[in-house]
Protein chains: 2
Amino acid sequence: MTRERLYLYDTTLRDGQQTQGVQFSTEEKRTIAESLDALGVDYIEGGWPGANPTDSAFFDTAPKTRATMTAFGMTKRAGLSAENDDVLAAVLNAGTSAVCLVGKTHDFHVRAALGISLEDNLDNISKSVKHLKNMGREALFDAEHYFDGYRANPDYALQAVRAAYEAGARWVVLCDTNGGTMPEEVRRITTETIAAGIPGDHLGIHTHNDTENAVACSLAAVDAGARQIQGTLNGLGERCGNANLTTLIPILLLKEPYASTYETGITHAALKTLTRTSRMLDEILNRVPFRQAAFVGSSAFAHKAGLHASAILKDPTTYEHIDPATVGNARIIPMSNQAGQSNLRERLQGAGLVVKKGDPALGLILDRIKDREALGYSYDTAQASFELLARDALGQMPAFFEVKRYRVTVERRKNKYNQMVSLSEAVVVVKVGGTKKLSVSESMDETGSDRGPVNALAKALSKDLGPYQAIIDDMRLVDFKVRITQGGTEAVTRVIIDSEDGEGRRWSTVGVSANIVDASFEALLDAIRWKLTRDWKAT
Amino acid sequence: MTRERLYLYDTTLRDGQQTQGVQFSTEEKRTIAESLDALGVDYIEGGWPGANPTDSAFFDTAPKTRATMTAFGMTKRAGLSAENDDVLAAVLNAGTSAVCLVGKTHDFHVRAALGISLEDNLDNISKSVKHLKNMGREALFDAEHYFDGYRANPDYALQAVRAAYEAGARWVVLCDTNGGTMPEEVRRITTETIAAGIPGDHLGIHTHNDTENAVACSLAAVDAGARQIQGTLNGLGERCGNANLTTLIPILLLKEPYASTYETGITHAALKTLTRTSRMLDEILNRVPFRQAAFVGSSAFAHKAGLHASAILKDPTTYEHIDPATVGNARIIPMSNQAGQSNLRERLQGAGLVVKKGDPALGLILDRIKDREALGYSYDTAQASFELLARDALGQMPAFFEVKRYRVTVERRKNKYNQMVSLSEAVVVVKVGGTKKLSVSESMDETGSDRGPVNALAKALSKDLGPYQAIIDDMRLVDFKVRITQGGTEAVTRVIIDSEDGEGRRWSTVGVSANIVDASFEALLDAIRWKLTRDWKAT
């Protein structure tokens, strides 16, 4: 049986950027585009070229993708020809093979927002789409406020989408711009739109989550015949967000009737990277991943009820609608020490630490992790700090050196040219094999810029560690993340530091303190200690 | 036209407590029950008496509510009479007028989890419900795994719910326990269940959000004829959570066809408290409220896209599906490089700064915002820093005082008891009205704990500002957020600080620097300057 093809259109980089508090850098956009491409979406909407510097810069240096890179813009303005509209020209200048233009389909908006005649608006849509075609581009038309417009004036809404379709739009995308349409209304209007002559395999659906129905509305449109779905990773987007592709993708691949009716560009192998892709985006946004997210949340397969947990041990299908591994997620049984220990042994093995089943050290390590997590530590990513904690519990952690004290000074004052400048200086005192060593460094980089107190501290700490110095000389700090784990005045800071060495190894360490400098120092210290456990051979 | 009555059944205190990381105290349960009652739900499921000490204690001291207080439990075990089942007795002993018992309806679970015959399970259901009736209680039956069971063996699933209904259950609640059923399947099975003889006004729906469809599944069941909806505040619950009543309630009251077809126990006046009720629960849980939550999230009516914002100014219905005030929420027009001049004017007006359309200052302010956003600043949330930037561009920013220099020292060393302790000290030098003032503070709090360099700096900066001191004396730092805006060694730190004063005003400021202490200092300085622009009256 051949399955019908559904197309996935990602707008994380455009509508997702409309999320309050989200502002991607050009580099972050590149990273996200590459992840989307690896996942296998069909279209990547990269932004609105000409609307802001970041989007323009992204298209100038956009990565080569298998997915169709798409620029977003709006239909030409009335009174200008498509050729002479500079806003439209900027969109085309991005040079993408596909262009998606938003236009009005709700008569009220044509009058209230554009202040032009209904006929002029139809003409703008038609001429704009024709212009895209003349320029050799694949044309998409985002039918803004389509569902509200259809409810108010179905004839006009249909004329508008027909104008786009007849001008050659590959996709006419029905947008529930305000997010207020209920799933059954989406189903009815999509059905009627197809009956009115726009073929379903030229129809897309673009919904928002203002009533928590964006996923259901997308599915209702597919049920009715639409064959393109627009959405974003983690449901980013204007107001309450767009339809969540991180949810829709596993539904389409795993849930019936979708799985056996449709096929998409996403493979089951790529589906296994979904959880990781979702977390990567949160990392870029420095957001705490939403635990209860469908499919990818850390609680999505957490079984807390005692009755559930005991049944799960007999047969996981008793309380799981899918196997968590299919989306790269994992089962959690919070209260089950049994499950905890076997997980732990697996993770220790990954670090080269073989511990026998039933070894009391396993319970000790789990207790320490629990205690430290209560203080704000997190060992999900900080594998190197986890390993040091385990080695310590197992009595396999050499002392190497001892930090006696440190002092960091951050100063801001006027220089001799009357400019405000800042500078940090760090002093670290360590004892290495009976010898006391004082090191001092400052935070200035090669360009004369202040890189801050953590930079000064990192340099001083790794300046003279005696016999260990040669081992850490190729280390460098490559990333630094800070999270406040408790709000308010009792704020506790968690710092995660990524380090790299000359062999290309990369490892993460964690530090926690009310004092951000001290939290950083702890993570720096762990980074060095981890490197020494790996490379130091006592002679 | 009379509308049909829909009943709302809240299980925040029972299924909501199954959320990973949630553990209510008895006192918290009381507070939540009172809020639910004020909101106007019909049933409050308080917990499982006998299953844990908190739930038992809650029922012992449960508040008097207009809503029907309901105890949860499970059907009697095979081999015991209902009268002699001690687990069931504990549930009845809570003395509630209604009792909800969960029981199996999926043949696979009867065999796999209970290990009893299909007939015995039907007998357990029937006898348990009869026992509740004999004890004078309103009986509810939670049909566990009903949809999975119906798919596998519709005859048996129907026999199970019929056993409960015929024994006198006021409500038979169809549960999608594993959360994997799609909305259309819920619609079909609910319709067929009614056709098989269980009247819709005796049917409830209980869904989970594992595919982000809990709200849509609940609505599909109501469409099919079910008349009770179970859910939780903020969608708390096992795994991905239960159907979110905070979303369902405004849908039922405001969205068609629901608003004109049904009535609930919730008044429009109570609906206006919905946002506050949602935030209250987050406060109890010490969670950051989910910004993008439907209806009640702080971003739910935030219009970031420039085109949206300018249309909103003409007519809010252009980009809002409901009036935010109906649910006690508010419109936000955040500032960013996406936004245009009209957006800006609206936001300035909110700050009491009236600027005429076309004023060149608008372009100047937008340019400054763009430049600063490129450096890592973000003005979406930092409204107070935005206002200072605007005042400065408009030439309406008093100098107040000048910071000449500061110095912060962070030190970690052994104390006289040979314990490692850390301490920070800050010196700030300001010039106020021609007078130079040196202030010094340290980071120790009342308990003797080090609160870090930013704490010391905040104290020193606000220690002596001469004539302005009286105005800032009631300020306090209430939240502190850090984000690294560029990865790697070129990391730039963005700090957002929330401050509060004696009048309960709360405002956010932003600082950016490669040096985290300096970024914090900038945000602290803005916080003070904003307070002074608001409260300083030059004499």
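**Notebook: a predicted two-chain model**

I looked up B:E212 and found it buried, with 25 other C-beta atoms within 10 Å. The model is predicted. I place B:E212 in the loop between β8 (203-206) and α9 (214-224) of chain B. Its phi is near 65°, a positive value in a residue other than glycine.

I then checked A:N418, which also is not a glycine and has a positive phi of about 70°. I found A:N418 in the loop between β11 and β12 (420-432) of chain A. A:N418 counts as exposed because 6 other C-beta atoms lie within 10 Å, and the cut-off for exposed is 12 or fewer. I noted that most residues other than glycine have a negative phi, and most peptide bonds are trans.

Next I looked at peptide bonds. The bond from A:E256 to A:P257 is cis, with omega near 5°. A:P257 sits in the loop between α10 (245-254) and α11 (258-261) of chain A.

I turned to the contact between the chains, which takes 86 residues from chain A and 91 residues from chain B. On the chain A side, strand β11 (residues 402-414) gives the largest share, 10 residues. I sorted that side into 31 nonpolar, 32 polar and 23 charged residues. β11(A) pairs with β11 of chain B in the antiparallel sense over 7 bridges. There I saw A:V408 opposite B:V410.

Last, I checked the domains of chain A: domain 1 is 4-266 and domain 2 is 402-451. Their centres, taken over C-alpha atoms, are 52 Å apart.

Note on methods
Residues numbered from 1 in each chain as written. Chains lettered and ligands numbered in written order. Predicted model: local features only at pLDDT ≥ 70, side-chain atom pairs only at ≥ 80, totals over all residues. Contact = placed C-beta atoms within 7 Å. Helix = DSSP H or I, 4+ residues; strand = E, 2+ residues; numbered from the N terminus. Nonpolar A, V, L, I, M, F, W, Y, C, P; charged D, E, K, R; others polar. Pairing = 2+ DSSP bridges. Domains from an automatic or database assignment. Buried ≥ 20, exposed ≤ 12 C-beta atoms within 10 Å, placed from the backbone.
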